[in-house]
Amino acid sequence: MLRFGILSTAKIGRELVVPAIQDAENCVITAIASRDLAKARAMADRFSVPYAFGSYEEMLASDTIDAVYIPLPTSQHVEWSIKAADAGKHVLCEKPIALKAGEIDALIAARDRNGVLVSEAFMVTYSPVWRKVRALLAEGAIGRLRHVQGAFTYFNRDPGNMRNVPALGGGGLPDIGVYPTITTRFSTGKEPVRVQASTERDPEFGTDIYSSVRADFGDFELSFYVSTQLAQRQVMVFHGDKGFIEVKSPFNADRYGAEEIELTNQSHSESQLFRFQDARQYRREAEAFTRAALGGDEEVVSLENSRLNQRLIDAIYRASEKDGWEPV
C-alpha cells in the first residue's frame, strides 16, 4: 500500500480526491497537513486518517507517508512539488502543475535527482471514457479525423475564489483550458504546431475569463472555447470523414451529464452509444499513480507530457496578444 499525505485541506481534495484514494485498492491516506492544525485534525477525523500536521514541512519530514497529493493554489504547485520530491516523496499534483512550461524543467530535475515519481493530476487520462475515445480513433471508427471541437464553461465571479485571483494562478486557461488540450493530445497522440486565439480579461479581477482557440495539429484542427463567466457547459466532438464521436460529459464525469460517448456514422443513419456507469476517474488515477510509484509498468502523465501541454497554453496566451498564427 502506498501511503499518501494530503498537502492542505482544499475543497477538491476533501470532496473528490481523498474519498477516491480511500476507496482505492492499493493506496491509503495516512496524514493530512494544513497551516492550521485544527483544520488538519478536523479533516483527518472526518476521513479516519491517523495523523494530522500543523505545517506542510512537518508532514514532508515524516516517515508516515510515501507520497503526497498537492491541491494547493496553482501558484504554489511548483514550489511544493519540488519540496516534496526533495523530501523523497512521490508527488501527485493538481493541474496545472505549473503556470509556464519552463517551470516544469525544475520539476523534472527534482524528480530525477530524487528518483521519485512526479505526475500532474489529469484524472481524465485514466477514465475509461477517454481510453475508449482513443481506441475508436486508432481503429478508424470515424475515418480521417479532420476537426476536434470543444467547450468548457462555468460561471464564477466570487472575488475570494482562487480562480479569480491572478497572484494565485487564477484564470480560465490554467483552470479549464488545459482540459480540451490534454484530452485532444491524449486521444490522438498528436501535438499542435501553431495556434490562433483571442482572450478577454475581467476588468476587476484581471484574470482571463474567456478564450476562443484554434490549434493546428497538422492532420486536423482543434477549436475550443473556455469561460469562467458563462453558463455551465462541457462537450468534445471528434469529426472525421466517416463519422463523428461526441463525448457527452468529457471532463467532470457525471457532473455535467451522463458518462457517455456517441459514435455516429457518415450519413447520420446509425449511432452507437457507449455508457460508462462506474468511471471513477479519480480512483483510477490514484491506483495508476500508485502502481507506477511502486515500480509497475503503468501509463501516467509524465512531466514531459505536462511540459508539452503547458507549451500550448503558453502559446495561446501569446497568440491572444497578436493577429495571426503563433508557433507552439
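**From a loop residue to the helices**

Modeller: Ser8 counts as buried because its relative accessibility is 7%; buried means under 20% relative accessible area, exposed over 50%, and partly exposed in between, with a 1.4 Å probe and protein chains only. The model is predicted, so local features need pLDDT of at least 70 and side-chain atom pairs count only at pLDDT 80 or more, while totals for chains, interfaces and linings use all residues. Residues are numbered from 1 along each chain as its sequence is written, and side-chain values use heavy atoms, with hydrogens and water left out.

Ser8 lies in the loop between strand 1 and helix 1; helices (H or I, at least four residues) and strands (E, at least two) are DSSP runs numbered from the N terminus. The phi of Ser8 is near 110°, a positive value in a residue other than glycine. Most residues other than glycine have a negative phi, and most peptide bonds are trans.

Axes are lines fitted to C-alpha atoms, for helices over the stretch in contact, and angles run from 0 to 180 degrees between N-to-C directions. On the side of helix 1, Ile12, Leu16, Val17, Ala20, Ile21 and Asp23 meet Tyr282, Arg283 and Ala286 of helix 8, where contact means heavy atoms within 4.5 Å. By class, this contact of helix 1 with helix 8 has 7 nonpolar, no polar and 2 charged residues; Ala, Val, Leu, Ile, Met, Phe, Trp, Tyr, Cys and Pro count as nonpolar, Asp, Glu, Lys and Arg as charged, and the others, Gly among them, as polar.

Arg280 lies in the loop between strand 14 (271–275) and helix 8. Its phi is positive, about 45°, although Arg280 is not a glycine. At 39% relative accessibility, Arg280 counts as partly exposed.

Among the elements covering the buried residues of helix 4 are strand 1 (2–7), strand 5 (90–94) and helix 5 (104–114). Helix 4 (residues 77–86) is mostly covered, with 7 of its 10 residues buried, namely His77, Val78, Trp80, Ser81, Ile82, Ala84 and Ala85. Gly88, with a positive phi near 85°, follows helix 4.

In the loop between strand 5 and helix 5 is Pro96, and the peptide bond from Lys95 to Pro96 is cis, with omega near -15°. Helix 5 itself crosses helix 9 at roughly 180°, their axes coming within 10 Å. The two helices, helix 5 and helix 9, are therefore roughly antiparallel. Ile104, Asp105, Leu107, Ile108 and Arg111 of helix 5 make the contact with Leu303, Glu304, Ser306, Arg307 and Gln310 of helix 9. These residues divide into 4 nonpolar, 2 polar and 4 charged.

Among the buried residues of helix 9 are Leu303, Ser306, Gln310 and Ile313. Ile313 is in contact with Gly177, neighbours of Gly177 within four places in sequence being left aside. Gly177 has its place in helix 7 and counts as buried, at 0% relative accessibility.

How values were computed:
Parallel < 35°, antiparallel > 145°, perpendicular 65-115°, else oblique.
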